[in-house]
Every structure is written in structure tokens, then in C-alpha cells.
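Take a walk through this structure, one site at a time. The tour starts at a single side chain and moves on to helices and cores.

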Amino acid sequence: MKLLFTWFLISTLTLTLSLLASATVPPNEVWGLTSFRESVYEDPYLVLSNWNTLDTDPCDWFGVFCTMSGDHVLKLNISGASLKGFLSQELGQITYLEELILHGNNLLGTIPKELGVLRSLKVLDLGKNQLSGPIPPEIGNLTLLVNINLQSNGLTGRLPPELGNLRYLQELRLDRNRLQGSVPAGSSSIFDSNMHEMYASKANLTGFCRSPKLKVADFSYNFLVGSIPRCLEYLPRSSFQGNCLQSKDLKQRPSIQCAGASPAKSQPVTNPNHLPAEYESKHHGTSKPVWLLTLEIVSGAMVGSLFLIAGLTACLKCNKKGSIIIPWKKSASQKDHTTVYIDPEMLKDVTRYSRQELEVACEDFSNIIGSSPDSVVYKGNIKGGPEIAVISVSIKEQHWTGYLELYFQREVADLARLSHENTGKLLGYCRESTPFTRMLVFEYASNGTLYDHLHCYEEGCQFSWTRRMKIVIGIARGLKYLHTEIEPPFTISELNSSAVYLTEEFSPKLVDFESWKTILERSEKNSGSVGSQGAVCVLPNSLEARHLDTKGNIYAFGVLLLEIISGRPPYCKDKGYLVDWAKEYLEMPEVMSYVVDPELKHFRYDDLNVICEVITLCINPDTTARPSMREICSMLESRIDTSISVELKSSSLAWAELALLA
């Protein structure tokens with residue numbers, strides 16, 4: 001009998017362990033991760049490339065760390081990856097998450113209040129992103145939090161006093177945001193800052209005075225007002241500098257910057273019992289037997305898998321339709337619960353045009369000068385103003401999400417800050433609901449695109465060598481400005497001859513009309529397909545390879561130089577890639593002249609030598625070996641003579657150009 005009982009115990013234990021070993025991550029946690037993946041629309045370093053959303057086991061995905069048994073996700077850590085996208089509210093589904101670290105990316109939008117249900121969370125690090133809106137008071141529900149880092153974002157609003165509920169909080173970094181109001185920390189009695197931890201348990205304390213373990217806190221470079229709370233005087237003085245505080249011994253903002261800052265209004269402290277009892281009993285109860293818990297896990301996983309398969313089947317059926325599918329677009333039921341913060345101050349200094357104004361200016365939108373699957377470009381003339389180029393986004397209203405609206409707003413703000421003689425000038429934007437309209441308005445460059453001129457085969461439309469060199473140096477100066485003279489730097493989404501517009505004096509202007517492809521690209525199955533530019537030759541989409549970084553722009557600049565001096569497009573169906581064709585000539589002086597446009601009868605060999613040297617540096621496969629635009633610009637400006645007198649000595653085409661300008 002004893003032997004039989006022992007055998008039964010061993011069998012039961014073996015069965016239990018095998019069931020636990022086969023347990024997988026619950027569907028809700030997988031859904032939380034896949035929703036985050038779908039909300040990321042730019043992944044320049046491809047860190048999410050192994051996130052297979054059809055895989056129900058995410059424990060091998062980059063940045064995802066699970067329990068030893070692989071049944072729960074404990075940590076999501078993806079730092080410094082330059083991810084651009086949004087924090088999906090479904091992150092709150094990763095129930096047992098202990099660390100959420102997304103430091104040093106380019107995440108937009110708000111911090112979802114749904115993070116407030118992650119009761120196991122100990123580390124929340126969203127620092128150095130582009131997050132906006134207020135800090136959700138629901139963060140105060142996360143009573144196990146030890147470390148919060150929200151520094152270097154664009155967070156606004158007042159500090160929620162609920163953060164004082166975090167009894168284990170040791171480190172809080174909120175510096176370099178746009179937070180207002182006073183620091184929520186107070187006491188009805190005289191407080192000795194040296195006895196912070198001892199007195200933090202007193203009932204008459206509020207806000208951060210109730211955080212007994214707080215050792216590091218940085219509130220600097222916000223718009224906080226009032227005085228430094230006595231219970232926080234143990235912190236370094238630098239933790240409060242760069243605000244609007246009443247402190248004479250600290251460097252604060254100038255009074256003109258603090259004019260809009262106002263003291264915080266009194267806010268009631270919320271109930272510290274943050275979640276209902278049903279939630280507590282469901283997730284933290286320990287009275288159930290192991291075998292019953294195991295059975296529930298296995299059953300739940302099977303049911304979740306069936307739902308997942310059904311959902312994927314429905315999605316595959318929907319994909320057969322011809323309409324554009326935005327990967328992160330929510331269903332109708334979910335969409336109602338998605339909140340995207342639109343900052344009303346962001347576009348206050350940018351001119352907003354009405355659709356009617358632009359319709360009149362562009363002759364009822366009949367004057368089309370360019371188009372792509374994503375946009376249409378019109379030419380127009382504002383009454384009493386300059387000629388304009390209007391780019392209209394070709395997206396149906398039903399596909400326009402809150403995320404896209406925020407992206408549109410940020411794109412307008414980003415373009416509006418550009419001011420250089422060799423970059424296109426954004427004059428304003430149009431945003432209307434009836435009919436649905438999203439447009440960008442640029443100053444028009446009257447001579448069309450560089451592509452039009454380089455690939456014009458009519459008599460008399462060819463450029464002289466000197467004019468080409470002037471255009472090269474102008475483009476280089478524009479890129480140097482975008483890469484090195486503004487902060488943060490700006491890159492052209494698709495740098496090619498179609499992105500360079502020419503003024504009446506043939507001065508080049510870089511215009512980023514293709515920026516919308518960065519957000520719509522993931523919805524296209526074939527990212528390499530582009531519209532035809534002619535019967536034979538097409539321009540390839542090099543966006544996927546360059547990832548929109550400055551080094552990618554430099555590579556594209558090298559290709560553009562080749563196009564300018566050779567007169568050939570970057571890719572021809574019958575001749576292949578321009579770079580591949582030119583490589584055998586670039587570094588051999590005796591055949592270097594073969595890359596020059598045969599229509600050009602005169603060119604300066606010294607200039608060609610410099611151009612070929614720059615091209616070789618730009619197209620170097622090793623991105624770290626490519627020079628900066630500052631170095632490239634210096635090489636071109638110092639070694640190429642663009643004075644008209646140089647070419648007049650030998651070129652009849654230059655004489656003709658001079659006569660046309662006169």
C-alpha cells in the first residue's frame with residue numbers, strides 16, 4: 001500500500017511538472033506585445049525583426065524576458081533602438097511585467113493610463129523619447145515601483161499627487177519636460193529633511209513626503225512653480241534648477257518664460273485602494289491547488305490559441321480586399337478607447353489654410369504637377385502671395401487614425417522649423433474634416449525638379465558643367481544645414497533628383513514630399529515598388545536600405561552626384577544600377593571621364609576628380625567610414641571653382657545660359 005501511494009505521488013508530480021513545462025505565455029500577454037509591435041512604424045536597426053506576430057511564444061523575441069518556466073513575460077527592455085511609434089494601451093495586458101524599459105527611442109503620443117494595472121512593475125523607464133501629454137495618475141497604483149525615469153520627453157500638465165503612494169520608490173527622474181504646477185509634497189507640521197524616512201509614514205504628509213525610500217529625484221528644467229518642499233530639501237539643489245520656483249539661490253528660468261506657469265490647483269488624493277477586489281483575488285490568490293491552476297493555464301492557452309487562429313483567418317480574408325490596411329488601426333470597438341494626445345500649442349506659429357483657399361489657388365485642384373500612391377502635388381498661386389506647391393495626402397478618412405493625426409501634426413511642426421536657402425520653405429498646412437483634407441503647403445520652385453532637367457532629351461535643356469557644380473554645392477549646403485546645424489537633425493526621406501526643386505536662378509531646394517512613406521510603408525507588401533518615371537527607367541525605393549538616417553542620406557547624396565554628372569537615372573531596367581556601372585571608373589583616372597554625360601562637351605577634369613572622390617566616400621559600404629556632410633561640403637566648396645569665368649573660356653553652352661539669365 002505504501003509503495004502504491006509513493007508511485008501515485010511520483011506520477012502526479014511528473015504529470016504536473018510536464019504540464020508546467022509545456023505551459024506557454026497567456027494569449028493576453030502575447031496580445032500586449034504584438035499590439036506594441038504594430039504601433040511601431042519605424043524600426044531603423046531592425047531590432048524587432050524576429051518578433052513574429054504569428055508565434056504564440058514570445059520568449060525568444062528580442063528584448064523580451066520570461067520566467068524560467070516560460071509561462072509569463074517579466075521584462076521588456078529595448079533601449080537606444082530609435083524605434084518610432086506609440087505606446088499601445090494593450091501593454092497593460094502583460095500582467096506580470098516587472099520591468100518596462102524603452103529608454104532612448106523616438107516614441108510619440110501619451111503614456112497610456114492602462115499601465116496602471118501592471119501591479120508587479122518595479123522599473124518604468126521611458127526616458128529620452130518624444131512622449132507628450134500628462135503623467136497618468138494611475139501610475140500611483142503601481143505600489144511596487146522602485147525606479148521611474150520619464151526624463152527628456154515633452155510631458156505636460158501637473159505632477160499627480162498619487163505618485164506619493166509609491167512606498168518603495170527610490171529613484172524618480174522627471175527632468176527636461178514641460179511639467180507645470182508645484183511639486184506635490186507637503187506636511188501640516190515642521191519637517192526635518194534629515195529625518196525624511198522616519199517621518200514619511202506620518203498620516204499628515206502628502207505627495208512625495210510620503211515616499212520614505214526616495215533617494216534620487218530630479219525635477220529640473222520644467223516649469224514648476226512655488227517653493228522646494230521642506231521634506232525634499234535633502235536632495236541636491238541641482239534637482240530643482242531650470243524651473244520657475246521661488247528660490248534665489250538656484251538658477252531658474254527667465255521671468256518671460258515663466259509668465260504662463262501657474263501654481264497647481266488643489267487636487268483631491270485618490271483612494272489608495274486602486275484595483276477592485278475581484279482583480280486582487282484573480283491574480284494574487286494562492287488558495288487554489290497546483291493541479292487546478294495548471295489545468296486552468298493549459299485550458300486558457302488552448303482557448304486563446306483557437307481565438308488567435310480565428311482572428312488570423314479573418315485578417316487573411318480581409319487582406320484580399322484592395323483597400324489600404326493600416327497595421328496598427330484598431331477595430332471599431334477598440335478605436336473608441338484609444339486616446340492620442342494632440343498638443344494644441346505645437347502648431348500655433350504655423351499658418352493654417354482653409355481648403356477653400358487652396359482650392360481657389362490651385363484652380364479647383366486641377367493643376368496637378370506630381371503624384372504617387374500616397375500623395376498628389378498641386379501647383380497654385382495664393383492671391384497677393386507667392387506661388388505654392390500643395391501636397392495632399394491620399395488616405396481615406398476611414399483609414400485615418402489618431403496615430404496618423406499625431407504624426408501629421410509632428411510632421412508639420414518638423415518641416416516648419418526648417419529655414420535655409422537650399423531647403424524648401426513650408427508656408428502652412430490644411431486640416432479639415434468635411435471633406436476630409438490633410439495638406440502641406442510649400443513655396444513653389446518655378447523651374448521644376450532636378451530630375452526633369454537631367455533627363456530632358458529635348459534640344460536646349462541640358463545644363464553646363466558649371467551649373468551642375470553649383471547645384472551640387474547647393475544641395476551639399478542644404479544637407480549640411482539639415483544634418484549639423486539644427487537640433488534634432490533632419491533627414492530627407494527619399495533623397496534623389498525628384499526631391500530637388502530649382503528656382504528661377506536654378507538654385508536647388510530640398511523638399512521632403514515623400515515623408516509619408518515612412519508611416520505607410522509597413523502597409524505595402526512590396527516596399528521596393530515605385531511609380532514609373534518613364535517608359536524604360538524607374539527610380540528604386542532606397543528608403544528600406546537607408547532607414548532614414550544621416551548616413552543613409554550621405555549614401556543617397558553620392559548616388560545623386562553620379563546622376564548629376566552622368567545624366568543617367570539611379571536605375572535602368574536594361575542597364576541596372578548606376579552605382580554598379582560607375583564603380584569601375586570612379587577610382588581610375590584614365591577612364592574617369594567615362595562617367596560624364598556624353599551630351600556635355602566641356603567639363604573640368606579637376607572638378608570631376610573631386611566629385612568622384614566624394615562619391616567613393618559616400619557610397620562606402622561601411623557606414624562608419626562615410627564622412628559627415630560638413631566634411632563633404634568643405635571638400636566641394638574649397639576645391640571646385642564655380643565662377644562663370646572658368647567655363648566661359650571654353651563652353652558655348654555656358655554663354656547661352658548667361659544670355660538666358662540676362
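This is a predicted model. Start at His 72. Beyond its neighbours within four places in sequence, His 72 is in contact with Val 25, Pro 26, Glu 29, Cys 66, Thr 67 and Tyr 96. One of these partners also makes a polar contact: the side chains of Glu 29 and His 72 are joined at 2.6 Å. His 72 lies in the loop between β2 (64-66) and β3 (73-77). Its relative accessibility is 16%, so His 72 counts as buried, the cut-off being under 20%.

Now turn to the nonpolar cores. In soluble globular proteins, nonpolar side chains tend to be buried together. The largest core here has 79 residues. Leu 450, Ile 475, Phe 557 and Leu 636 touch the most other members. Helix α10 (residues 465-485) supplies the largest share of this core, 10 residues. A second, separate core holds 60 residues, among them Phe 36, Val 73, Leu 174 and Leu 232.

Not counting residues up to four places away in sequence, Phe 557 touches Val 472, Ile 475, Ala 476, Leu 479, Leu 495, Val 614, Cys 618, Met 629, Ile 632 and Leu 636.

End with a helix pair. The axes of α15 (residues 605-618) and α16 (residues 629-639) come within 10 Å and cross at roughly 175°. The two helices are therefore roughly antiparallel. From α15, Asp 607, Val 610, Ile 611, Glu 613, Val 614, Leu 617 and Cys 618 take part. They meet Ile 632, Met 635, Leu 636 and Arg 639 of α16. The residues of this contact divide into 8 nonpolar, 3 charged and no polar.

Technical notes. Residues are numbered from 1 along each chain as its sequence is written. This is a predicted model: local features need pLDDT of at least 70, side-chain atom pairs count only at pLDDT 80 or more; totals for chains, interfaces and linings use all residues. Side-chain values use heavy atoms; hydrogens and water are left out. A nonpolar core is a set of buried Ala, Val, Leu, Ile, Met, Phe, Trp, Tyr and Cys residues joined through side-chain atoms within 4.5 Å. Buried means under 20% relative accessible area, exposed over 50%, partly exposed in between (1.4 Å probe, protein chains only). Helices (H or I, at least four residues) and strands (E, at least two) are DSSP runs, numbered from the N terminus. Contact means heavy atoms within 4.5 Å. Axes are lines fitted to C-alpha atoms, for helices over the stretch in contact, and angles run from 0 to 180 degrees between N-to-C directions. Angles under 35 degrees count as roughly parallel, over 145 as roughly antiparallel, 65 to 115 as roughly perpendicular and the rest as oblique. Ala, Val, Leu, Ile, Met, Phe, Trp, Tyr, Cys and Pro count as nonpolar, Asp, Glu, Lys and Arg as charged, and the others, Gly among them, as polar. A polar contact is a pair of N or O atoms within 3.5 Å; within protein, one must be able to donate a hydrogen and the other to accept it, and residues adjacent in sequence count only if both atoms are side-chain atoms.
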